[in-house]
Amino acid sequence: MRVLQQVVDGITSGSIYGALALALVLAYRATGLVNFAQGQLATLSAYLAFSAARAGVPVLLAIVLATVASALLGAALERGLIRRFEGGDQLITIVATVAVLTCVNGVVSWIWGADLKSSPALFPRRDLAAGALRFTVADVGAVAVLIAVIAVLTVLFRFTRLGLALRAVADNPESSAQSGLPVSRLLMAGWGLAALIGSIAGCLVAPAISLQPNMMDAVLVYALAAAVLGGLDSPLGAVVAAWIIGIVQNLAGTYVDVIGTDLQIVVPLALMAVVLLLRPQGLFGRREVSRV
């Protein structure tokens with residue numbers, strides 16, 4: 001039974017990684033880029049929800065307002081900064097996202113300070129039990145939100161004209177422009193959608209790990225590992241990989257003495273390296289085929 005409890009705890013921690021991994025996957029599918037600022041934008045969103053809740057706004061409405069603000073900020077970043085690097089070396093654009101990460105972290109610290117804050121929670125942390133297994137309402141709520149977001153993203157990218165257009169632009173912006181697609185507006189929409197999903201992740205994570213400017217730094221490492229492990233173009237793969245990472249991390253930390261708590265961060269990186277050696281596109285990713 002102790003093993004099953006570790007698995008349940010692993011799914012809980014994996015859900016935290018999966019929430020941000022979804023935002024990374026969405027950004028990649030919509031723009032073809034890995035956005036390293038995603039975690040910090042999620043942190044900013046959590047602070048916005050925190051401030052709104054402290055001002056007396058109901059928690060759900062505060063989170064909705066924060067996600068809308070984040071979507072607008074993501075779109076504004078694309079239009080004001082990232083667009084200047086479009087068509088150039090992708091490495092420069094990625095470095096620009098690292099610069100955004102640093103700047104947003106500084107702004108957050110300047111406005112709200114670096115001390116720990118108690119973030120408003122969408123779901124209560126009331127204990128639940130199923131036999132000998134223990135979990136909370138917040139754990140169940142986080143998993144439910146993740147599954148709902150996966151379903152929405154799957155429908156968006158497979159069955160809507162907007163999703164198909166976003167995928168086309170991410171795959172080949174030049175051909176998309178020649179086909180008449182509004183590439184600039186679609187890229188801006190992609191950044192906005194990714195920021196919105198990241199905002200949901202930040203608001204879900206903050207109550208579990210306490211609100212502070214660097215709260216998503218470690219989560220970003222695990223989320224990146226999950227996104228790559230599951231396949232950068234697969235929302236479902238990112239979440240499943242995040243759960244695998246959480247479970248393996250918990251089991252390894254509990255039953256492998258040499259790992260303990262100090263080396264747990266090695267687990268997702270080792271998993272990612274092994275899977276990429278055997279399946280470079282990730283567990284659920286599509287293998288790219290080039291015609292010659």
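Strand 1 (residues 127–130) and strand 2 (residues 133–136) pair in the antiparallel sense over four bridges. Two strands pair if DSSP finds at least two bridges between them. This is a predicted model, where local features need pLDDT of at least 70, side-chain atom pairs count only at pLDDT 80 or more, and totals for chains, interfaces and linings use all residues. Residues are numbered from 1 along each chain as its sequence is written, and side-chain values use heavy atoms, with hydrogens and water left out.

Strands (E, at least two residues) and helices (H or I, at least four) are DSSP runs, numbered from the N terminus. Ala130 stands opposite Leu133 in strand 2. The two strands form a hairpin with two residues between them.

| Residue | Place | Phi |

Helix 9 (residues 217–230) has 14 residues and reaches 20 Å from first C-alpha to last, close to the 20 Å expected. That expected span is 1.5 Å times one less than the number of residues. Buried residues of helix 9 include Val219, Leu220, Tyr222 and Leu229. Buried means under 20% relative accessible area, with a 1.4 Å probe and protein chains only. The buried residues of helix 9 pack against several helices, among them helix 1 (2–31), helix 8 (183–209) and helix 10 (235–255).

Gln212 lies in the loop between helix 8 and helix 9. Beyond its neighbours within four places in sequence, Gln212 is in contact (heavy atoms within 4.5 Å) with Thr43, Tyr47, Ala114, Asp115 and Leu116. Gln212 and Leu278 are 66 residues apart in sequence and 38 Å apart in space, C-alpha to C-alpha.

Conventions: Buried means under 20% relative accessible area, exposed over 50%, partly exposed in between (1.4 Å probe, protein chains only).
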